[in-house]
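These are my notebook entries on a structure I opened today.

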Amino acid sequence: MSPAGRTSLRAVGGALLAVLVLAAAAPGQPPEPAPAGPQKQSVWDGHRSIPVHILPLRDENGELIVPTEAYPLPYSARQTCGPCHDYETIRGGWHFNAPTAAPSVRPGEPWLEVDPKTGTVLPLSHRKWPGTFDPEAAGLTAWDFTLLFGRHLPGGGPAEPSEEEAWAHPGARWNVSGKAEVNCLACHNRSGRQDHSEWAKQVLRENLRWAATAAGGLGEVGGMASRLKETWSVHDGPNPDDHEWAVVPEIAYRAAAFDSKHRYFFDLTGKPADDRCLDCHSVSPKDAARWSAEADVHAAAGLRCSDCHRNGLDHLMVRGYEGEAAETGNRTAESFTCRGCHLGETAAGKKTVLPGRLGAPYPRHKGIPLVHFKRLSCTVCHSGPKPAEGFTRVRTSRANRLGVYGAAAWATDAPAIIEPVFKKDERHKITPQRLVWPAFWGRVKGKDIVPVRPADVLAAAGEVLGPEDRIAQVLIGLTQVTAEDEMPVLVSGGFTFAPNVDLGLDAAPREGPDPRAPASWGIRKGDGIVALVPDFDPAAEDKDPAVETRLQEFLEALGTVPGRPGQPAILVRKTLYRIVDGFLDVSEAPADLAGSPGPGWLVEGRLAPLASDFDIRTVTDKAGTERTLTEEQVAAVLGSLNRARPDGDHVYISGGRLFRLGRNGTLTARKSDAADPVTWPLAHNVRPAQQSLGWGGCKDCHSGGSDFFFGRIRGAGPLLTDAAAERSAAAFMGLGGIFQRFFGLSFIPRPLLKAVLAVCAFVIGALLVVAGLAALGRVAGFLEKR
Amino acid sequence: MLFAIVSILVLAGTFLALALHRFWTTREEARSTLLYAEIAKMYFAWLALRGLQMSRRASPRAWWSSVRGLPIWREPVLEKWLDICFYGSFLYLAASGFFFGLFIPRGLFGFPLVGHVMAGGLFAVCLTIIVLFKGRDFVTVPKPASLSLSLLDPRKMGLTPARVKLWAFWLFVLAGLLLIVSALLPMMPFLQTPGQKLMFELHRYSALLAAVAAMVFAGLELFGSPA
């Protein structure tokens, strides 16, 4: 037998043996068929367009959704998208992994818990960025965090906690709301129906498991999980007995979007459109007109966010900063930094990166000394608002709740975020950053300050934090009896205070009367204000009866004010007006009745004013500012907190200073690391080259008074105080202000220096040439021959 | 790093060469043997001894008296101030530049940098005046050369200390010109980043060339053999 034949025999024998062994090992039943259905797409097949997504929707239990059935459940991304795109892998992506991922060196925008009433602007981050508090350490459970910030969360992460965590906090209502799974549609939905506002509203209503369905436009979701009892479960279905208040969340799917097999057409894109990113990542100057807002130069050139901020199935987005490749191990990230794309350089300056992606131009940087590239990041000159225009107050989607539209105004002015503040980043390069000053109540614990929850502050503060509410309640009460064109107001300190639709108090400056005049209550009609209680003689025979009718209406209205300290009454000269048994009682004021004439509350034999001196003083002091607390309020609340928990000293942080009660009970301010501003690098918007710093020459930055070095930032915060911190731009960079001023001034004679150097170079060069030519002529013997 | 290594090697080599020249021209034992190893041994022994002697003698007072003994103080007022400005600015430029260039990773910065720029301007002006009004003192009149293999013979090149000093002067002038140009051009809106990098390196190596030329010139001027 030939060797080939022997080999074939061995092979056949081996195969036979294998079959016999397998047959002997089999437990006597047929082998399981391969699982049917789509395979997970972890490897790209090379096709450059994405397939049409006409899919059967599945709920969180994996059951097929039939839109025409009674009480269909919301679609589940885990069950609907998961069969093809591994859900657990996606869940580990940058947008979802904050609670579980290793801390990232490069800070990003923290979540800012803002509570104007307690003066809280608390920076939070699971990623342990400098200056931020871990939400758990700050007393926030995943549930609290989701309700606070879910409006700008894309699902997953804290909004989709583990079962263990979900059950760990009894106050959480995950069993009612469900979890907000990773919302694939938030980014990948190309449909114009994708509605971020709807997502925010559903989150606010605690309709977490329904939010993606409603926001994606798959159907209409009614009801509010927040109004349901904590014992309700989605398996209980609708409540037939309550169609008005505790209405169970329910979906009416858009049946027209389903085919006959109950499959839904998703209009998806692999690369999300910019609008989807901007739903959560918009940044715009405060008070700027929409038409005046500039776009990023990359967007203007036709690039999308996702062209640079790329990711694979793992959704670990390229953030695009230098050093990312070394930090994450993703070497491709090197070519998506400014330097990588435009210069083909790594963070270390090696020319090993493929430049020019997507047609990125090569910058010429004519006349820019090398030290700038060593010490500054590209974004210093190219990104954010020009510092030549001073610091810019901006609002961001996540901090200022932008992009949520409805009957109520969601967007807020607070917190005050400013940019660009130039500061050294983790690579010791100066980088433009956004800045916010933290403000919170805290308890001193060793060297640390542990934030006190706003609810605990409110509970301890009692009435100290409610002057606006109390005055607004009085004015709102009076609006019941005023005409449509009339508005009850409080006039104090040159301001007019009127109630607003949010049951708060608006202050408007008022010209004319002496601001030092005592506060008074009035009725605004048009441009004029008349006194709430006109001066008249109650004893006069010819008094206008309409006046007393009006007083009766006022008294009846004041009788509805919640939390009123006593019976409403009006003292005119020596006559007291009040309501007795539903009728206007006009009587002579008791001789021992203390108090000023006008409206008030009868409390323990005296006529107390409608608003206390403290209330009026507090709202007047803060009028016309963004401040929500006075030093008097802070001192009072700190006292209350110290009394409520005497085992630790309490402090308040605002405007870059730490405030605490001194031994004599007065408020003292001092520096503290905890009060330092929180900053994070900004990269967008990138300005065109002609708007970059340095285009106008060295003096764009190097002058005796440039904003780049010498702009001053004053600590902003809810507290009205003169003790706020103030810093120069140079101080943030870690540079000496005196030197920079001197260096800047040296640019004044620099043109002269250049001229002198040029003349010197010309003269020396000419003489060297002459001497050299002469020597050459001598050596060659030409000059001797002459 | 490369610049630091090159600088240290070149400056040390120049110093040793100048010391060898002095040893060779002033010490009889230098010619007592033909063995290079023996010469080197004696040279280093002499150098160590001389270094020890000089360090023992060194004191602020001794330095001051040496400075006061320089001929510069006996020059006419204009020349005196020209030389003070020239030597002073060059010494500051060299000291600040090499100290920061060799020992501070960040390079020259802060007030020393501002001083460097100001001293640079002064140096350029002084150098120009010196070349313009004193350059003629350093012009030699070479003989016409004949084409022969003797051109390649070092012994027939006429490498006398006086000629080396003249060459050192013109080398210094050339280095000065390069220093001025490499300082001026980066301040103008002409050069892109590679050009800026080139000028930065040119400035540093020109400074090294200037320092070597100055060392040779000063060494031969101050410690040159009477012959």
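I looked up strand 25 (residues 657-661) of chain A and found that it pairs with strand 26 of chain A in the antiparallel sense over 4 bridges. Strands are DSSP runs of E of at least two residues, helices are runs of H or I of at least four, and both are numbered from the N terminus; two strands count as paired if DSSP finds at least two bridges between them. Within this pair, I noted Phe659(A) opposite Ala669(A) in strand 26 of chain A.

The model is predicted, and local features need pLDDT of at least 70, side-chain atom pairs pLDDT 80 or more, while totals for chains, interfaces and linings use all residues. Residues are numbered from 1 along each chain as its sequence is written, and chains are lettered from A and ligands numbered from 1 in the order in which they are written.

I then traced the open sheet of chain A: its 5 strands run in the order 12-11-24-25-26 with antiparallel pairing. Strand 12 (448-451) and strand 26 (667-670) of chain A are at the edges with a single partner strand each, so one side of each has no neighbour in the sheet. From one strand to the next, the twist averages 35 degrees.

For the chain as a whole, I recorded 27 helices and 30 strands in chain A. The radius of gyration of chain A (over C-alpha atoms) is 35 Å, well over the 28 Å that the globule rule (2.2 Å times the number of residues to the power 0.38) gives for 786 residues, so chain A is more spread out than a compact globule.

Conventions
Axes fitted to C-alpha atoms, helices over the stretch in contact; angles between N-to-C directions.
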